[in-house]
Amino acid sequence: MKIAVDIFPTDQTINPVEFARAAEELGFESIWFPEHSHIPTSRLSPWGGRDGAPPLPDYYDRTYDPFVALGACAAATSRIKLATGICLVAQRDPIHTAKEVATVDALSDGRMIFGVGYGWNKEEMAQHGTKYAERRALVRERILAMKALWTQDEASFAGDLVQIEPSWVWPKPTQRPHPPVVLGGAAGPKTAADIAEL
């Protein structure tokens, strides 16, 4: 049986590197770090997008960047897998994100798991220029674009929302064809279709 462990690593929790070392020593298969770039103080979106949810915990606005934290963990461990849980792809540039995923995978000798999701915080998305209603389609196209960047020497992508002209992008991931992409989201036909495709 493979068991994972996750934490919102912040400046007020155990250091992510210490957490990773302890998790590896205890035999966990993987560690998972979430992502929020920032939390707008307007707080119009309820926690998790669920009406009646309790107030958002403070650790949401204090969490470390997952790729920087996972990179530090990669240097301090040798076996444990390193995962984003989840990366908010709709709020990120796909070229930079593809490079970050590939870099962690290459520097960890193929231990990266790319956990992704659609996101729920409308205010956070808006400040990234993301339209809430387009987030699912945007995540789908950005993941497909990233797969092209990981697997093609001269990569390009042409979608409805994402276009990348022929480009050279390295490093390529150690895992072939690329690190596993794990999509989390509320159950439904759109999510199921995206899981099957991605």
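Predicted model: local features only at pLDDT ≥ 70, side-chain atom pairs only at ≥ 80, totals over all residues.
**Entry 1: the core**

I started with the nonpolar cores. The largest one has 41 residues. I looked up which residues have the most contacts inside it, and found Ile31 and Phe114. I then looked for the element behind the largest share of this core. That is helix H5, residues 135-151, with eight residues.

**Entry 2: Phe114**

What does Phe114 contact, leaving aside neighbours within four places in sequence? I listed Phe67, Thr84, Cys87, Val89, Thr97 and Val101 among its partners. The list also includes Ile143, Met146 and Trp150. Pro180, Val181 and Val182 are in contact with Phe114 as well.

**Entry 3: H2 against H3**

I took helix H2 (residues 66-76) with helix H3 (residues 94-107). Their axes come within 10 Å. The crossing angle is roughly 15 degrees. Angles under 35 degrees count as roughly parallel, so H2 is roughly parallel to H3. I recorded the crossing of H2 and H3 as left-handed. On the H2 side I found Phe67, Leu70 and Gly71. They meet Thr97, Glu100, Val101 and Val104 in H3. By class, I have four nonpolar, two polar and one charged residues in this contact.

**Entry 4: H3 against H5**

Next I paired H3 with H5. Their axes come within 9 Å and cross at roughly 55 degrees. That makes H3 oblique to H5. The crossing of H3 past H5 is right-handed. From H3, I listed Pro94, Ile95, Thr97, Ala98, Val101 and Ala102. From H5, their partners are Arg142, Met146, Leu149 and Trp150. The contact of H3 with H5 has eight nonpolar, one polar and one charged residues.

I went back over the lists for two H3 residues. Thr97 and Val101 meet H2. Thr97 and Val101 also meet H5. Both are in contact with Phe114 too.

**Entry 5: Asp105**

I stayed on H3 and looked up Asp105, which lies in that helix. Is Asp105 buried or exposed? Its relative accessible area is 0%. Buried means under 20%, so Asp105 is buried.

I then checked its surroundings, not counting residues up to four places away in sequence. Asp105 touches Gly110, Arg111 and Met112, among others. Pro173, Thr174, Gln175 and Pro179 also touch Asp105. I looked up the separation of Asp105 and Pro173. They are 68 residues apart in sequence. In space, C-alpha to C-alpha, Asp105 and Pro173 are 5.5 Å apart.

Notes: Residues numbered from 1 in each chain as written. Heavy atoms only, no water. Core = buried A, V, L, I, M, F, W, Y, C linked by side-chain atoms within 4.5 Å. Buried < 20%, exposed > 50% of the residue type's maximum accessible area, 1.4 Å probe, protein only. Helix = DSSP H or I, 4+ residues; strand = E, 2+ residues; numbered from the N terminus. Contact = heavy atoms within 4.5 Å. Axes fitted to C-alpha atoms, helices over the stretch in contact; angles between N-to-C directions. Parallel < 35°, antiparallel > 145°, perpendicular 65-115°, else oblique. Left-handed = near helix turned anticlockwise from the far one by under 90°. Nonpolar A, V, L, I, M, F, W, Y, C, P; charged D, E, K, R; others polar.
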